[in-house]
Amino acid sequence: MIRQRTATTSTAGLISILLTYFSLIVLILVFARQIISDVSLESPISNYIVIPIAIILPLFLTVVIGLNVYRIWREKRRGHPGVNLKIRLMLFFAIITLLSSLPQGILSVSFIEIAMNRWFSSPIAEGLEGGVDLVLQYNLEKVKGLRAFGGSPLLSSLYRDIPRSPLNVWKTVQETSTLADSLQIYLAGGEEHSFFGDERGKVSYQRVNTWDSGLANRESYESYSALRYLRRQTIGGNEYLIILSTIIPKDFDKKAEKLTSSNDTFNQIELFQPIFRITLILFYFFFSFPLILLSLLISFLLSEEVIQPIVSLEDATRRVADGDFSYRILNRTGNELSSLVQSFNSMVSELESSRHKLLQTEKISAWQEIAQRMAHEIKNPLTPIKLSAERILYRYRDKNINFERILEQAVSTIIREVGNLNDLLGEFRDFARLPAPQISDLRIRDLLTEAVEVFRDSYPTVTFDLENLDQSLSIPADRSQMRQVFTNLVKNACESIQDTGSVMLRTDLVRKRNKQYCRIQIKDSGLGIEQDFHGQVFNPYFTTKEGGTGLGLPIVERIIFDHDGQIWFETEKNTGTTFFIDLPLER
Ligand SMILES: Nc1ncnc2c1ncn2[C@@H]1O[C@H](COP(=O)(O)OP(=O)(O)O)[C@@H](O)[C@H]1O
Ligand SMILES: [Mg+2]
């Protein structure tokens, strides 16, 4: 049976994380635009889509990372293979992630700072304000100039020529000042006397008549505005209304308006500047924090990926060390570790075959030893048989009167020794030709009580205790072989007790390497086993008893091995011996 293990990879997880990563970048590009235009016009963070994303995404990622950390913590507590290496790798990755994002964060924040400072720097503010001043000054100059010119005494002497030659007057006005774009003259009463210059300067008598002398209010029309100066003057007995006009193009007004409103907006933003700065920095963290979390998650997955083959190697090495030579690692080809895995697999194959060879050689030498001991054991009873037979013959020829008694003695010796030989051969046959176990579910309690019952009558001085025998506990085993095991062990226990003593049997459930076993203890209060014999009691034909075969324990050991179990003992001289047997609950 070859058990295999695949180095699994979490490619799907990696792909989904990368997708999230890229969509996050797209989101940043989209929202960066939006947030900046929002902030500069209205209240800061007015974008309500940004907020849930900025909160939910990092929250979600933090939960995922928390789950991963918890999983690793559990693995560490359970002593999962490779978990320490995994933790070190993850820490390593996490430190790299944080180290690489730290300078980025510092750069971005200081970049925002610098940009903001530049943005709201004094040259720009001064420029804007200067522009507004310029506009105001231009206006002021026009107004002042027209007022000074319109009210000047020079003009009142010039106007005296109006009845005679108004054209000359206009020409002189034009020569004197660039401010006058038109000259309009009414006679008191409403009759228009004359008009010169830009038609746009014209104004009706009804309007003019309501004005006081001097600079009139500035009047705006669709495409221009006009400044006017009115003078009432009596020349040659008639009263004249004389109007000087300056035309200001609308274009200029519009630009002036824009400049003023820009200046206002700028001042307003400058007021919001601290909030704006905080918003930008928050925005940076809202998006860079999930990015850092995502990178952490990726590093988790990557370390898992890196660690997996090493873990399966470690696992496999441990199994092989435990004696499972059938274990092989399945690895995806193309992996950097695949050659390592391959050499591991071939190493285990070689180990398995060499161990197989070793077992074979051990078997052969064991059999040689058995054959030698067999010859020896058979020779022992042969000598008394031969002696007895010779004695019968000799006494028969001798015509001895005691012949009948001697015959009886000799023949019973022969019969006894032949019986011994027969026992020996019988046990040897059991040992040499132990058939494969016929597995069925056996109730362990029944087996042990049966074994005890056999000896109760023959050893009346021994008390038998059955402890902790679970009624329902059953194991898959061969009935007759198990009977032999417990009979041999209980027999040895009884034989070790000199006068009176006790034999105790007990079962427990134990767990070894994820497998459940039934542990059976057979404990006696006998002589114990000598230190020198500890290594020999399981050897075939080792016995310290007169008439012992030395095959009881080897047979027991064979049967237990055939049932995938283990057997060992603990002993103390003059206190007693306990034999332990672990048998698997499942095969
Ligand atoms: N419960 C025990 N107490 C003391 N010695 C024991 C016990 N079981 C086995 N032994 C020792 O191990 C030897 C081998 O036992 P075994 O293989 O059953 O052969 P045998 O019983 O025929 O001697 C025994 O001769 C004895 O010295
Ligand atoms: Mg025995």
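## A tour around ligand 1

Start by selecting ligand 1, which sits in the second largest pocket. A pocket here is an open set of points on a 1 Å grid over the protein atoms alone, with protein on both sides within 12 Å along at least five of seven lines; a molecule sits in one if more than half of its atoms lie within 2 Å of its grid points.

This is a predicted model, where local features need pLDDT of at least 70 and side-chain atom pairs count only at pLDDT 80 or more, while totals for chains, interfaces and linings use all residues. Residues are numbered from 1 along each chain as its sequence is written, chains are lettered from A and ligands numbered from 1 in the order in which they are written, and side-chain values use heavy atoms, leaving out hydrogens and water.

Next, show the shell: 20 residues surround ligand 1, the closest being Asn492, Thr543, Thr544, Lys545 and Leu553 (a heavy atom within 4 Å counts as near). By type, the shell holds 8 nonpolar, 10 polar and 2 charged residues, with Asp, Glu, Lys and Arg counted as charged and Gly among the polar ones.

Colour helix H12 (479–496), helix H13 (552–562) and strand S15 (576–584): each supplies at least two shell residues. Helices (H or I, at least four residues) and strands (E, at least two) are DSSP runs, numbered from the N terminus.

Now pick out the polar contacts (N or O pairs within 3.5 Å):

- Asp524: a side-chain N or O atom is 2.9 Å from a ligand 1 nitrogen.
- Lys545: a side-chain N or O atom is 2.8 Å from a ligand 1 oxygen.
- Leu553: a polar backbone atom is 2.8 Å from an oxygen of ligand 1.

Notes: Polar contact = N/O pair within 3.5 Å; in protein donor to acceptor, adjacent residues only side chain to side chain. 1 Å grid on protein atoms, 1.4 Å probe; cavity = no way out; pocket = protein on both sides within 12 Å on 5 of 7 lines; lining within 4 Å.
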